[in-house]
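Welcome! Take a moment to look over the sequence and the 3D view, and then we will walk through a few places together.

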Amino acid sequence: MTSPPAAPQAGGQRPPRARSGPPEGRTTGRHELSRHARFAEISPAVGVLDEQALHRALADDPTAFELLAAMTAATDENLRAAAIRLCAAIVLERARAGRVSARGISRLRPVRGAPDGDLDIDASIEGVSAARAEARPVALDDLTTVQWARAPTAFAVVVDRSGSMNGARLAAAATVAAACALRAPAEHAILSFAGSVDVIRPLVSDIVPAVVAERLLRLHGHGVTRLADALRAAQEQLARARAPRRVVILLSDCRSTEDDGTVETARALPELIILAPAGDHEQAAHLAGQAGARWAAIDHPLEAAAVLDRLLETRPASA
């Protein structure tokens with residue numbers, strides 16, 4: 001259980017505490033969060049997030065994840081930090097479990113002694129036990145990781161952080177970013193945009209998926225939407241890719257506030273997939289129709305990776 005900070009020590013100073021960083025946009029107070037039926041169970045006091053209660057709630061009611069996503073924008077700093085950490089862990093787990101296309105995306109395989117990939121704890125137990133029995137440090141050859149057999153696709157994930165974004169939408173973005181990191185570990189870029197474009201992870205980087213997920217979850221919607229600038233930045237990232245297939249994945253309602261040539265820019269992309277929030281996807285569908293892109297609405301944040309896989313499988317024959 002994540003608890004509030006300890007009482008002041010001698011001298012009147014509190015011990016250091018983890019900070020989630022100040023949100024750039026609107027935060028959500030406990031009164032608003034308490035509208036969810038299980039909030040009091042999951043957060044029984046200020047600064048507290050009961051992880052066991054959360055997992056019980058998720059087992060009983062998948063919509064409890066939307067409460068966790070909302071808590072990533074909590075005014076309570078300790079609660080916000082704990083929610084970001086747990087939300088990132090959950091989206092990474094879901095991304096790993098996502099269905100994988102046999103046509104455009106490689107399959108997972110176990111690899112012993114590789115310096116990258118995700119550690120397969122069960123498969124590594126024998127090697128770790130052998131190292132301990134021999135009283136030596138655990139070496140790479142003792143460990144088994146899980147990774148994609150090949151990565152013929154490069155991704156640029158573009159996340160809208162304008163005023164219309166909220167915790168659930170950012171959780172969907174984090175799920176997609178994690179899915180792309182696992183499907184194309186060598187070449188995937190993550191960008192966010194509103195009035196300006198920020199590169200959270202460049203195309204080639206050693207920034208790990210967990211860090212990317214937490215950075216996305218710390219974003220909070222604010223500002224205008226300059227969509228064309230974001231798509232141009234994604235295209236610039238993909239221009240450096242070695243993979244033959246290059247896909248821009250846009251997570252946005254596509255309500256651009258600037259007349260900035262969005263349609264023309266979208267048409268120039270090698271391949272564009274748009275993931276829009278359910279109930280707010282009219283502009284996304286319109287842009288997809290004009291630009292020749294594929295799109296889908298996301299009903300639940302944790303469904304985002306599976307929806308992305310389906311769209312990647314329906315790659316146009318000419319692409």
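Which backbone oxygen lies 2.6 Å from a polar atom of the side chain of Arg 201? In this predicted model, that oxygen belongs to Ser 205. The side chain of Arg 201 also has a polar atom 3.0 Å from the backbone oxygen of Leu 203. Arg 201 sits in strand 6 (residues 197-201). Although Arg 201 is buried, no salt bridge is found for this residue, and the nearest side chain of opposite charge, Asp 206, is 7.1 Å away. Beyond its sequence neighbours within four places, Arg 201 is in contact with Pro 185, His 188, Ala 189, Ile 190, Ile 207 and Val 212.

Elsewhere, charged side chains do pair up: the count comes to 17 salt bridges. Here are three of them.

| Pair | Closest N to O distance |
|---|---|
| Asp 309 and Arg 183 | 3.1 Å |
| Glu 214 and Arg 218 | 3.4 Å |

Asp 309 is buried at 0% relative accessible area, and Arg 183 is buried at 1%. Arg 232 and Asp 229, by contrast, both belong to helix 9 (residues 227-238), three residues apart. Arg 232 is partly exposed at 33%, as is Asp 229 at 31%.

Now for the nonpolar side. The largest nonpolar core has 54 residues, and Leu 68 is one of those with the most contacts inside it. Helix 5 (residues 77-97) gives the most to this core, with nine residues.

How values were computed
Residues are numbered from 1 along each chain as its sequence is written. This is a predicted model: local features need pLDDT of at least 70, side-chain atom pairs count only at pLDDT 80 or more; totals for chains, interfaces and linings use all residues. Side-chain values use heavy atoms; hydrogens and water are left out. Helices (H or I, at least four residues) and strands (E, at least two) are DSSP runs, numbered from the N terminus. Buried means under 20% relative accessible area, exposed over 50%, partly exposed in between (1.4 Å probe, protein chains only). Lys and Arg count as positive and Asp and Glu as negative; His and the chain ends are not counted. A salt bridge is a side-chain nitrogen of Lys or Arg within 4 Å of a carboxyl oxygen of Asp or Glu. A polar contact is a pair of N or O atoms within 3.5 Å; within protein, one must be able to donate a hydrogen and the other to accept it, and residues adjacent in sequence count only if both atoms are side-chain atoms. Contact means heavy atoms within 4.5 Å. A nonpolar core is a set of buried Ala, Val, Leu, Ile, Met, Phe, Trp, Tyr and Cys residues joined through side-chain atoms within 4.5 Å.
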